[in-house]
Amino acid sequence: MRVPRIRRSALTTTAACLTLATAGALALPAAAASAATADGPLLSYVVNTRANHGQTQKAEREVKAAGGTVVASYEQIGVVIARSADPGFAGRLRASKTIDSVGASRTAGIQAGGAEGTVQEADVPAAAPADGSEPLWANQWDMKQIGVDQAHRSTLGSRSVVVGVLDSGIDATHEDLAANVDPELSASCLSGSPDTDWQSWQPTTSSHGTHVAGTIAAAKNGKGVEGIAPGVRLAAVKVVDDGGFIYPEYAICGFVWAAEHHFQVTNNSYYVDPWMFNCADDPDQAAVSEAVRRAVDYSRRNGVLNVAAAGNENIDLAHKTVDVSSPDDTDPVTRPIDDSCLDLPAELPGVVAVSAIGVKGDKAYYSSYGLNKVTVAAPGGDSRYQVPDTPDGRGAVLSTIPGNKYGYSSGTSMASPHVAGVAALLASTHPWAGPEQLRALLVKQADPHACPTGVFNPGGTGLYQATCEGPERNNGFYGAGVVSAAKAADWWRN
């Protein structure tokens with residue numbers, strides 16, 4: 001995903017005051033301080049074995065015998081996170097009968113990353129509107145589009161519902177988020193193993209996670225913006241490092257943490273780096289896909305509905321042909337791909353994959369799509385071709401950013417938390433529902449949106465043209481349709 005380049009999930013962060021955010025650096029564990037040895041770069045690996053205590057212990061011993069170090073073991077899913085600077089490490093493990101598969105989780109040596117760049121903020125009116133709405137509500141076209149104002153007449157969500165924000169951390173001191181972030185359920189996964197220290201899961205170089213969190217559950221407190229489910233709790237699970245990368249071991253740790261702590265929903269506005277698509281015919285990528293799949297499946301079996309962004313490349317996920325941007329942590333190469341190459345986690349079973357729309361309800365020009373790939377659609381913003389009639393006139397999504405500030409961003413990163421927020425309302429009004437039932441309700445209650453006639457060609461230049469396939473209730477652009485907060489708030493809908 002690499003948040004700084006914002007190539008996949010969050011496209012833009014813009015606003016009125018042009019105030020720049022500062023960048024920081026995250027200290028790495030001592031084992032990771034050196035990026036390379038005389039043998040080769042220090043890399044992380046996923047090592048897959050059978051999911052039980054005995055086999056996982058055997059795998060740990062074999063990792064050490066092969067010259068590696070064990071970072072974390074998840075015996076629940078049979079995955080060991082290891083590190084080694086020996087180029088022959090994976091080959092030796094693949095010869096073992098104990099090991100199902102092993103793969104490097106990155107192509108660059110472990111090192112501290114860079115910074116995000118500039119973030120701009122939005123002006124907050126000096127006085128709240130006379131009608132009692134939030135000061136910035138008039139610019140939240142996205143909330144009105146899915147009926148959040150109607151939903152809040154019935155419910156703000158339940159405190160028993162927890163939404164995990166697997167992202168770059170949440171500013172837990174923000175005036176619109178502090179009441180809803182649960183420190184006891186928050187952690188950093190940047191080593192591949194959870195760290196519950198408060199500072200570890202705070203944002204450092206990126207506003208991404210804080211923006212996502214505000215869309216889901218910014219408080220209705222007269223301060224700034226209003227989230228979809230302000231009555232639920234948020235858990236910050238930091239899986240984006242200061243270079244903007246989310247490597248497989250970060251995601252695996254995050255999904256297991258969500259399962260073990262009984263989250264009802266997670267939001268995943270990213271794809272797993274360094275490969276945009278992980279292909280079955282590559283041993284490293286196949287092992288990564290299997291390890292992440294196990295973690296996602298474990299979370300689902302433990303009651304978690306996972307929601308993920310479909311991506312910002314205007315790619316037809318149902319007809320993949322080429323990848324030009326991977327690996328993104330070293331030098332990308334152009335390679336042919338096919339349907340065995342998966343966008344993680346969006347294309348994994350049970351995950352709700354979300355495409356983005358603008359204020360007019362049409363697919364955002366950048367949003368990826370695909371028949372039987374996209375589950376539902378939600379507002380992600382489109383500042384080029386779909387501009388709202390709001391005071392700010394900005395087609396992006398307005399939400400919280402660190403430092404008690406507010407900013408605009410667009411992307412499927414912004415669409416996905418709209419769906420996570422609606423899912424949180426559904427979990428509140430349907431407390432007996434598990435992830436399969438919540439997913440079915442999202443699909444059933446979505447407002448259908450038919451494919452456009454002919455080739456979709458926003459702007460008429462051909463630069464972002466795309467072809468939509470499928471009927472009104474299941475098509476490549478919108479899946480089952482646009483999610484509805486208004487319907488989710490009504491407990492009697494089923």
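How many aromatic pairs does this structure hold? Hello everyone, let me walk you through that and a few other features. This is a predicted model, where local features need pLDDT of at least 70, side-chain atom pairs count only at pLDDT 80 or more, and totals for chains, interfaces and linings use all residues. Residues are numbered from 1 along each chain as its sequence is written, and side-chain values use heavy atoms, with hydrogens and water left out.

Back to the rings. Rings of Phe, Tyr and Trp (its six-membered ring) pair if their centres lie within 6.5 Å; planes under 30 degrees apart are stacked, over 60 edge-to-face, and the rest tilted. By that rule there are 11 aromatic pairs. One of them joins W198 and W201 edge-to-face, with 5.8 Å centre to centre and 65° between the planes. Now, buried means under 20% relative accessible area, exposed over 50%, and partly exposed in between (1.4 Å probe, protein chains only). W198 counts as partly exposed because its relative accessibility is 37%, while W201, at 0%, counts as buried. Elsewhere, Y365, Y366, Y385 and Y464 make up one aromatic cluster.

Rings can also have a charge over them: NZ of Lys or CZ of Arg must be within 6 Å of the ring centre and within 35 degrees of the ring normal. R106 places its charged end over the ring of Y247, 3.8 Å from the centre. K363 lies over the face of F477, at 5.4 Å from the ring centre.

Let's zoom out to the whole chain. Helices (H or I, at least four residues) and strands (E, at least two) are DSSP runs, numbered from the N terminus. The protein chain has 10 helices and 18 strands, and 61% of its 494 residues are buried.

Next, the sheets, where two strands pair if DSSP finds at least two bridges between them. As a reminder, strands of a sheet pair through backbone hydrogen bonds, either parallel or antiparallel.

Contact here means heavy atoms within 4.5 Å.

T215 is buried, with a relative accessible area of 1%. Leaving aside neighbours within four places in sequence, its contacts include M143, G227, P417 and H418.

Finally, a second open sheet has four strands in the order β3-β4-β2-β5, and here the pairing is antiparallel. β3 (69-74) and β5 (101-104) stand at the edges with a single partner strand each, so one side of each is left without a neighbour in the sheet. Strand β2 (residues 43-48) pairs with β5 in the antiparallel sense over four bridges, and V46 has G103 in β5 as its bridge partner.
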